[in-house]
Amino acid sequence: MTTPVVETTNLRKTYLLGKVPVNALRGVNLKVERGDFLAILGPSGSGKSTLLNMIGALDKPTEGKVFIEGVDVSKLNDNELADLRRRIGFVFQFFNLIPRFSARENVELTMSITGLGKDQRRKRAEELLETVGLKERVNHKSAELSGGERQRVAIARALANNPKFLLMDEPTGNIDSKTAKEIIELVKRLSEEKGVTIIVVTHDQHIASQTKRTVQMLDGLIIQERVN
Ligand SMILES: Nc1ncnc2c1ncn2[C@@H]1O[C@H](COP(=O)(O)OP(=O)(O)O)[C@@H](O)[C@H]1O
Ligand SMILES: [Mg+2]
């Protein structure tokens, strides 16, 4: 058995809303192997984003553990956590690009602390933008790009630091359905051709039908798992 890329054990998260506890995760056990392509489904409020934030080491669980490539995330110091986060590719519903920067600059920026020289960063950014189908848009400011194009830039940026895996939280939640299909084709291609490990939270049944595996969440628990 190889070590899973991601493993959560009895993961619990309780938020306090004022004095009222909200049990966002109530004991989630999940394993994601290298090369897996997993969709997390479930109604609004079921804990999907909370789970993604724990897996991405953006927030700490109340109980239970997250292991990334076998490493217990709770044992890491702040520097190690920062290093880990840089090796996780995040893609969100809202693209979080810098509007006045070009597509290329947005991708280069994430590589600024990797030790790559300026020319290498530029070359890599251009290659990644070509991979996501934006060869002709490299020098466009992100403010000038369409929603689908911005999401492609966000995906290129997420890939920039050779991530251990991609975490996507409703990546097509903010774009029209035709463009969403194109984004899904791209994500599927990254999985199939490049072997990228991908966890995607989605409401979209079409996305879920394209992944290798789906888990269904409800009220902070995984209630169903399916291999497609
Ligand atoms: N920062 C927070 N403070 C308090 N409650 C939160 C916070 N984040 C999420 N919640 C609550 O936790 C539950 C799960 O939320 P979330 O993980 O965002 O679900 P989903 O992504 O499936 O819509 C919801 O009841 C939500 O209101
Ligand atoms: Mg959410």
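# Reading helix packing and sheets

Modeller: Helix 3 and helix 5 pack with their axes 8 Å apart, at an angle of about 25 degrees. This is a predicted model, in which local features need pLDDT of at least 70, side-chain atom pairs count only at pLDDT 80 or more, and totals for chains, interfaces and linings use all residues. Residues are numbered from 1 along each chain as its sequence is written, and chains are lettered from A and ligands numbered from 1 in the order in which they are written.

Biologist: Is helix 3 roughly parallel or oblique to helix 5?

Modeller: Two packed helices are described by the angle between their axes and the distance between the axes. Axes are lines fitted to C-alpha atoms, for helices over the stretch in contact, and angles run from 0 to 180 degrees between N-to-C directions. Angles under 35 degrees count as roughly parallel, over 145 as roughly antiparallel, 65 to 115 as roughly perpendicular and the rest as oblique. The angle of about 25 degrees therefore makes helix 3 roughly parallel to helix 5. Helices (H or I, at least four residues) and strands (E, at least two) are DSSP runs, numbered from the N terminus.

Biologist: Which residues of helix 3 and helix 5 meet?

Modeller: Residues are in contact if their C-beta atoms, placed from the backbone, lie within 7 Å. Helix 3 brings Ala103, Asn106, Val107 and Thr110, and helix 5 brings Val153, Ala156 and Arg157. By class, this contact of helix 3 with helix 5 has four nonpolar, two polar and one charged residues. Here Ala, Val, Leu, Ile, Met, Phe, Trp, Tyr, Cys and Pro count as nonpolar, Asp, Glu, Lys and Arg as charged, and the others, Gly among them, as polar.

Biologist: At what angle do helix 3 and helix 4 pack?

Modeller: Helix 3 (residues 103–110) and helix 4 (residues 118–131) pack at about 120 degrees, with their axes 9 Å apart. That angle makes helix 3 oblique to helix 4. Ala103, Arg104, Val107 and Glu108 of helix 3 make the contact with Arg121, Arg122, Ala125, Glu126, Leu128 and Leu129 of helix 4. By class, the contact of helix 3 with helix 4 has five nonpolar, no polar and five charged residues.

Biologist: Now the sheets. In what order do the six strands of the open sheet stand?

Modeller: Two strands pair if DSSP finds at least two bridges between them. The order is 6-7-8-3-9-10, and the pairing is mixed. Strand 6 and strand 10 (221–227) stand at the edges, each with a single partner strand, so one side of each has no neighbour in the sheet. From one strand to the next, the twist averages 15 degrees. Helix 5 (residues 147–159) packs on this sheet, touching strand 6 and strand 7, and its direction makes about 170 degrees with that of strand 6.

Biologist: How many bridges join strand 6 to strand 7?

Modeller: Four bridges join strand 6 to strand 7 (residues 165–169), and the two run parallel. Val91 stands opposite Met168 in strand 7.

Biologist: Is helix 1 mostly covered or uncovered?

Modeller: A residue is buried if 20 or more other C-beta atoms lie within 10 Å of its own, exposed if 12 or fewer, and partly exposed in between, with C-beta atoms placed from the backbone. Helix 1 (residues 48–55) is mostly covered, with six of its eight residues buried: Lys48, Thr50, Leu51, Leu52, Met54 and Ile55. Just after helix 1, Ala57 takes a positive phi of about 60 degrees.

Biologist: Where is Glu69 placed?

Modeller: Glu69 lies in the loop between strand 4 and strand 5. Glu69 is not a glycine, yet has a positive phi of about 50 degrees. With 15 C-beta neighbours inside 10 Å, Glu69 counts as partly exposed.

Technical notes: Contact = placed C-beta atoms within 7 Å.
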